[in-house]
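Visitor: Could you walk me through this model, starting with its aromatic rings?

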Amino acid sequence: EYNEMIKQIDTAQIPIVDEELARKQADKKIGQDAALGSRVVLGDAAIQNVNGEILYVFPLEHTDFFKWNKHRSTPGYITVSASNPNKVEYVTKLGDESINIYYSQSSSFGNNLKRHIRNNGYTNMALTEYTFELNDEGRPYWVVTAYKNLTVWGNPEAQGVVVVDAQNGEVEYYSMQDAPDWIDIIQPSSFIENQIDNWGTLVHGVFNFADTDKIKKTDLLLTVYVDGHCYYFTGM
């Protein structure tokens, strides 16, 4: 029954701020400090649940090689509430400890995120979706999906995650079952969209030229949270 299958979603857990608006608000926060705005730019945001609050979290990336060579790290990160666009925070400390991001996608040489992961023994693992996430204490990590293709032509399936401490560079691998609870995104949305499309179009196999019983998803894929769990949601 539909009512048994679909859980009621807390309206406070539904994002009403889109990424474009969140980025504009985060940009304004950077612009308040001229010295900061000259050395960093916003990285890719990741929407996530941090202690029950849905946030867009933006890493700060170096503007170029010369800025990285001078500073070697970026100070902190920016969060924007997904339910209140005016709630923007620039986080530079956890307690008395300053946050300095040494490992990122814009860092160079051994501090470059992808190179750092490869140098720590993950040279033959297929990796994608480099997501900047926070644990429940607000400590920043990079969460990277490890996957394998189920067919020779693709159809990727997540196997686990490689987690990198953005500050000290510590690298850990977790299987799907062993991943810490604070990690929200293991399955990239592109993987899910591909699986939904296959499920809807291959309902009667490949040789279904009459398109019998085929269905497809709507264009929009939303991220929602129910009872602390992250879901992708789409119409069919």
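Visitor: Happy to begin there: which residue has its charged end over the ring of Trp68?

Guide: Good place to start. This is a predicted model, where local features need pLDDT of at least 70, side-chain atom pairs count only at pLDDT 80 or more, and totals for chains, interfaces and linings use all residues. Residues are numbered from 1 along each chain as its sequence is written, and side-chain values use heavy atoms, leaving out hydrogens and water. A charge sits over a ring if NZ of Lys or CZ of Arg is within 6 Å of the ring centre and within 35 degrees of the ring normal; at 4.1 Å from the centre of the Trp68 ring, the residue is Arg72.

Visitor: And which charged residue sits over the ring of Tyr130?

Guide: Here the charged end lies 5.1 Å from the ring centre. The residue is Lys114.

Visitor: How are the rings of Tyr147 and Phe191 arranged?

Guide: Rings of Phe, Tyr and Trp (its six-membered ring) pair if their centres lie within 6.5 Å; planes under 30 degrees apart count as stacked, over 60 as edge-to-face and the rest as tilted. Tyr147 is in strand S11 and Phe191 in helix H6, 44 residues apart (helices, H or I of at least four residues, and strands, E of at least two, are DSSP runs numbered from the N terminus). Their centres are 5.5 Å apart and their planes at 70 degrees, so the pair is edge-to-face.

Visitor: Is Phe191 buried or exposed?

Guide: Buried means under 20% relative accessible area, exposed over 50%, and partly exposed in between (1.4 Å probe, protein chains only). Phe191 has a relative accessible area of 6%, so Phe191 is buried.

Visitor: How many helices and strands does the protein have?

Guide: For scale, the C-alpha trace spans about 60 × 40 × 30 Å along its principal axes. Buried residues make up 43% of the 236 residues. The secondary structure comes to 6 helices and 15 strands.
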